[in-house]
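Dear colleague,

Please find below the structure that I am handing over to you. My notes follow directly after it.

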Amino acid sequence: PGIDEKPAVAAPLEIGQSKEIEPTMASIEILPDKILLQIFRKMEFPHLIWISVVSSRWNRVIFELLERRVWFRLTGYNDMPNLSGRRSYKQVSMREGRLFSAKFKPSVLEALGRTAKTLEIDCQVVYPELLLYVLQFFRSVVKLKLVVELFHGSDMNAATFVEQARGIFPQVRFLTISAQYYKSVGLLAAMAPTLVWLDVRVREQLLTKFYECRFDHLRELTVRLSALPVPDQPRCFRAVKLVDFLSRQENLRKLNLDVTAEFVSWDFSKLVLIEELTLNEKVLDFCGLSRMTRLRSLRCNRCIVLTYRDTTPVPSLKKLEINSSSGVKKVEQLTRHFPNLTTLVLRKWDLEAAEMQQIVRACPALRELSFAMSGLDAALLVPLQQLGKLRKLCVEANVKNENDLAAVGGVLELESLRELHIAVAGAADEAALKKWNATLARNNPSRKIVIGKARAEEEYGDSVSIYPLDS
């Protein structure tokens with residue numbers, strides 16, 4: 001309408017009269033798949049899972065977007081769908097309590113085996129013959145997880161099983177295996193030469209067989225074992241033979257040791273090629289760390305008592321992580337043994353002001369620092385202003401209200417700081433967390449600031465099953 005004209009007013013509807021809406025082309029369904037992908041990429045992971053059931057088209061597009069995180073859950077039912085001509089899966093998983101006489105459609109196994117690069121089999125009880133039957137369809141997998149708690153009674157001995165399994169996985173590079181029986185240890189030995197990554201759970205009785213495995217390219221190894229119980233004695237594990245075996249692995253660079261025992265004594269003086277070391281024992285007594293001249297990272301999990309008998313400093317160590325509330329009694333021990341740290345993570349450790357000052361004085365080159373505190377205390381955070389190279393700070397603390405956040409004001413004056421993460425302990429109001437994030441982000445636009453709990457992706461894990469929709 002013109003300036004002097006009044007806008008037209010629609011006549012009111014009579015009782016019982018309905019208003020017809022003219023059809024419009026403003027629908028999201030007219031958008032091409034490329035545009036939908038751009039929209040979906042901006043959405044959070046759990047939301048994508050929810051909307052994957054809206055339509056078959058959305059299901060297909062979201063599948064393409066999350067292809068690396070989607071698993072096909074394989075079951076032994078005869079009514080499994082025919083996958084011929086349908087979408088392909090990179091990751092296949094089979095988790096059954098008892099895998100006995102279940103029959104798998106060969107067409108389904110063939111279709112999955114053509115494209116699968118990751119295979120996960122986690123069963124409590126299994127027939128060796130049925131396991132070999134399933135495995136033969138997945139000869140192209142690169143990443144394999146094989147966890148079998150019990151091989152059911154069979155006439156097939158370990159030697160026959162290993163001989164028939166040899167050559168099934170010529171391309172496996174990453175392996176997670178529970179080597180609790182001679183069959184599984186033999187299978188590990190057959191795949192060992194091609195492995196670059198291995199996570200193995202082995203019985204102490206089978207360690208001798210494990211030591212016979214030949215690893216030509218192994219770079220990262222996790223060993224999980226339980227020490228044999230001795231009557232009327234604490235369970236102790238003597239690690240001399242294990243360390244000797246590890247020292248012969250010329251390509252090994254990352255090592256994770258998880259031994260269930262009341263006491264473990266380690267001498268790492270022979271492991272001169274290891275760059276990253278993770279220890280998971282409750283009582284740690286180790287020496288020889290100073291001879292590990294390439295060691296860059298050390299992580300201690302579940303540690304209650306940590307004894308470092310070697311007083312020689314380890315100047316090569318750059319990252320130290322202790323995930324325990326009482327791993328070391330004094331911070332002075334850490335700074336004396338590891339003087340050149342650039343990353344220090346002290347989870348579940350309530351630091352005091354004197355300890356923080358000690359860290360700042362001894363580790364002026366810190367670039368990343370993580371620790372816990374009962375509450376955001378400005379007096380405890382003030383010394384951090386002397387860390388001129390600090391780029392990332394992670395703090396776990398109780399935050400009651402927005403006024404508590406004023407304690408981090410001094411830290412935010414650091415020009416080098418690029419990331420600040422505050423994990424709020426206990427229950428927290430989601431609305432308050434969003435408000436606090438918005439306030440700090442508005443005042444610090446050049447920094448990444450996160451306040452709250454774990455992200456949704458972590459809650460949902462690394463994978464999900466998206467079921468195909470036919471209509």
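The findings are set out below, from the whole chain to single residues.

This is a predicted model, in which local features need pLDDT of at least 70, side-chain atom pairs count only at pLDDT 80 or more, and totals for chains, interfaces and linings use all residues. Residues are numbered from 1 along each chain as its sequence is written, and side-chain values use heavy atoms, with hydrogens and water left out.

The chain contains 14 helices and 20 strands (DSSP runs, H or I of at least four residues for helices and E of at least two for strands, numbered from the N terminus). Of its 471 residues, 45% are buried, that is, under 20% relative accessible area with a 1.4 Å probe, protein chains only.

Strand β3 (residues 118-126) is largely enclosed by the rest of the structure, because 7 of its 9 residues are buried. Strand β3 runs parallel to strand β4 (residues 143-151), and 8 bridges join them; strands pair if DSSP finds at least two bridges between them. Val 126 has Phe 151 in β4 as its bridge partner.

Leu 207 lies in helix α8 (residues 207-211). With 5% relative accessibility, Leu 207 counts as buried. Beyond its neighbours within four places in sequence, Leu 207 is in contact with Val 202, Leu 225 and Phe 237 (contact means heavy atoms within 4.5 Å).

Yours sincerely

Technical notes
Buried < 20%, exposed > 50% of the residue type's maximum accessible area, 1.4 Å probe, protein only.
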